Amino acid sequence: MTFFAIQLVLGFYSRKIFLNYLGTEVLGLNTTATNILELLNIAELGIGAAVGFSLYKPLLDNDHSKICDIVSLQGHFYRRIAIGIIVCSLCVMAAFPWIFHKITLPLWYAYASFSVLLISALLGYFVNYRQIVLSSAQMDYKIRYSQTSWTIVKVACQMAAVAMLDHPYQWWLLFELIFTLIGAYSLHRATHKAFPFLRQSQKTYCDLKKEYYFIITKVKQVFFHKIGGFAMTQTSPLIIYAYISLDMVALYGNYLLITSGIIRLSGAVFNSIGAGIGNLVAEGNIDKITTVFRELFSMRFVFSATLTFTTIMIAQDFVKLWVGGEYLLPFSTLAILCGTLFISLLRSTVDLYINAYGLYQDIWAPVAEAAINIGLSLLLGYHFGLNGILAGVLISLCLVMGVWKPFFLFRYGLKTSVGVYFKIFFEHLFVAILVATAVAWIATMVPIDPSASYGALALYTAICALSFLVLFSAIACAFRMGLNLFLSRIFTLILKK
């Protein structure tokens with residue numbers, strides 16, 4: 001959490017510096033190049049998710065041989081995919097004069113940005129793919145220690161270079177490359193230290209594929225889910241660029257940095273739960289699995305609602321203080337972004353259980369999600385601009401993640417009526433609306449101008465967040481909505497220690 005807090009503060013501060021010294025077009029170019037690379041990374045096919053799922057049981061049994069086999073198979077897959085990404089990247093780079101015909105910057109900016117980002121991605125395929133064992137073994141913190149510390153140093157060096165040296169973007173790219181290499185080496189050492197028994201399996205690629213054929217099946221299924229995930233997170237900036245401009249991509253990127261920072265905060269707090277649920281499912285106690293789901297859902301709903309409510313209350317004032325009033329988007333745009341943020345935060349509990357069960361066979365769902373997302377974004381974006389593009393994302397999330405995924409989990413994983421899920425969902429939603437209305441009314445009477453200074457903003461944020469959290473938690477515990485079970489578990493663990 002300390003690493004995350006430092007990185008988050010640096011992220012916002014560096015964004016302001018980069019906007020001032022590099023300009024909106026350079027940042028918009030960087031965002032667009034990132035999205036193009038993410039599109040190529042669909043070739044990863046979801047191998048990481050399938051391998052992570054397959055490692056839960058061997059880790060529980062401490063089966064070193066099987067762990068080495070599975071990770072070696074992943075390495076074989078990744079090397080082939082990396083070669084494919086290199087070939088596709090060369091083809092895409094040949095089309096850069098057409099893709100970036102709108103920009104006024106020198107075209108080599110696009111080539112340099114994309115090349116540095118490509119090297120970073122390829123290191124994950126050739127060097128750091130073994131980190132999946134750390135994640136599956138509930139050791140995500142080791143990944144954070146190894147990579148985030150160097151990321152913090154990298155951003156600090158980039159800020160200093162951009163503000164103080166000539167040719168700022170060249171320095172930005174150089175530090176991006178140098179610390180990407182250092183971070184990859186650091187993570188490689190951390191993985192080897194935690195699992196010294198990891199080694200290349202003596203079995204051939206063909207033998208591994210035959211023995212672990214179920215991983216191939218899961219990979220094929222997860223591939224379609226990767227498409228849906230890409231459509232949700234990466235196509236919006238590309239459509240915004242196509243319909244509007246790189247400058248609007250940069251403005252959207254400011255708000256996206258806020259929401260993605262909140263999502264990363266949630267990940268920093270709850271990432272290790274995924275491996276814990278995988279271990280729980282591997283044990284097979286269905287009553288315990290169901291009880292823990294109710295606890296986690298209630299806790300996650302309260303947490304997600306608190307973060308979303310606080311964001312919609314303070315985001316505009318924060319942007320004014322951070323980069324200036326000229327970078328504000330309309331409040332209606334913020335509201336749509338917050339709706340997407342809420343579902344993105346809340347979906348985690350269902351997603352973690354689906355991953356733990358390896359339920360990826362609903363391959364039509366991500367295809368439908370991507371089609372709805374892109375189709376509505378293009379249609380509504382043509383008529384309503386930025387709000388229409390973002391509304392397409394929100395609608396697709398509501399239909400697939402809000403309705404289908406819970407039904408799929410309860411039908412094929414927990415094997416009980418999905419009515420149980422929607423009952424607890426709407427109970428929590430009703431309470432959240434009441435609490436949000438009450439706290440928003442209370443906030444109007446607080447004699448603080450949050451746009452006056454960072455101190456005033458921090459105080460106003462604390463009042464909004466704590467008021468919402470305490471009131472919602474009190475009601476949830478009073479009516480035994482599941483949060484009381486989670487808090488009781490935490491207090492019991494503390495008392496035992």
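This is a predicted model: local features need pLDDT of at least 70, side-chain atom pairs count only at pLDDT 80 or more; totals for chains, interfaces and linings use all residues.
Residues are numbered from 1 along each chain as its sequence is written, and side-chain values use heavy atoms, with hydrogens and water left out.

Q: Why is the pair of Phe309 and Phe468 called stacked?
A: Rings of Phe, Tyr and Trp (its six-membered ring) pair if their centres lie within 6.5 Å; planes under 30 degrees apart count as stacked, over 60 as edge-to-face and the rest as tilted. The centres of Phe309 and Phe468 are 4.9 Å apart and their planes are at 20°, so the pair is stacked.

Q: Which helices does this pair link?
A: Phe309 belongs to helix α15 and Phe468 to helix α21 (residues 454-478), 159 residues apart. Helices here are DSSP runs (H or I, at least four residues), as are strands (E, at least two), numbered from the N terminus.

Q: How many aromatic pairs does a search of the whole structure find?
A: The search finds 30. Among them is the tilted pair of Phe293 and Tyr421, at 6.5 Å centre to centre with 50° between the planes.

Q: What makes Phe293 count as buried?
A: Buried means under 20% relative accessible area, exposed over 50%, and partly exposed in between (1.4 Å probe, protein chains only). Phe293 has 3% relative accessibility, so Phe293 counts as buried. Tyr421, with 4%, is also buried.

Q: Why do Lys405 and Asp362 count as a salt bridge?
A: A salt bridge is a side-chain nitrogen of Lys or Arg within 4 Å of a carboxyl oxygen of Asp or Glu. For Lys405 and Asp362 the N to O distance is 2.9 Å. Lys405 lies in helix α19 (residues 386-412) and Asp362 in the loop between α17 (348-357) and α18 (364-384), so the pair ties together parts that are 43 residues apart in sequence. Both Lys405 and Asp362 are buried.

Q: How are Glu427 and Lys423 separated in helix α20?
A: They are four residues apart, about one helical turn. Their side chains meet in a salt bridge of 2.6 Å, N to O.

Q: Why is Lys423 called exposed?
A: Its relative accessible area is 51%, so Lys423 is exposed. Glu427, at 27%, counts as partly exposed.
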